[in-house]
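Good morning, colleagues. Please look at the sequence and the model on the screen while I describe how the strands pair.

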Amino acid sequence: FLYHSNCKVPAIVGIMEVVSAAYPDPTALDKRSPYYDPKSSVALPRWFLVDVKFKEQFSSPVPLSALKMNPA
């Protein structure tokens, strides 16, 4: 699912497909990056990424409140 979480009404807005295996996030090792994590290392990465591919946009978002009322 493509989920918007940092917004006024969190919701699922579409479908994505994971198209790669997880791999270490290179920004965690970059001291100039806002995502730098000094506790992460090449040998023991703490953050990982996957590549995704857009599949479908929903005509109406499915808000978190609806998911909580009916998890099915």
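**Strand pairing in the sheet**

The model is predicted, with local features requiring pLDDT of at least 70, side-chain atom pairs counting only at pLDDT 80 or more, and totals for chains, interfaces and linings using all residues. Residues are numbered from 1 along each chain as its sequence is written, and side-chain values use heavy atoms, with hydrogens and water left out.

Strands here are DSSP runs of E of at least two residues, numbered from the N terminus, and two of them pair if DSSP finds at least two bridges between them. β2, residues 11–18, is joined to β5 by seven bridges in the antiparallel sense. Within this pairing, Ile12 stands opposite Val62 in β5.

What lies between β1 and β2? These two strands form a hairpin, with six residues between them. They run antiparallel and are joined by three bridges. Leu2, for its part, has Gly14 in β2 as its bridge partner.

Taken together, three strands form an open, antiparallel sheet in the order β1-β2-β5. The edge strands are β1 (2–4) and β5 (52–63), each of which pairs on one side only. From one strand to the next, the twist averages 25°; the axes are lines fitted to C-alpha atoms, and angles run from 0 to 180 degrees between N-to-C directions.

Note on methods: Helix = DSSP H or I, 4+ residues; strand = E, 2+ residues; numbered from the N terminus.
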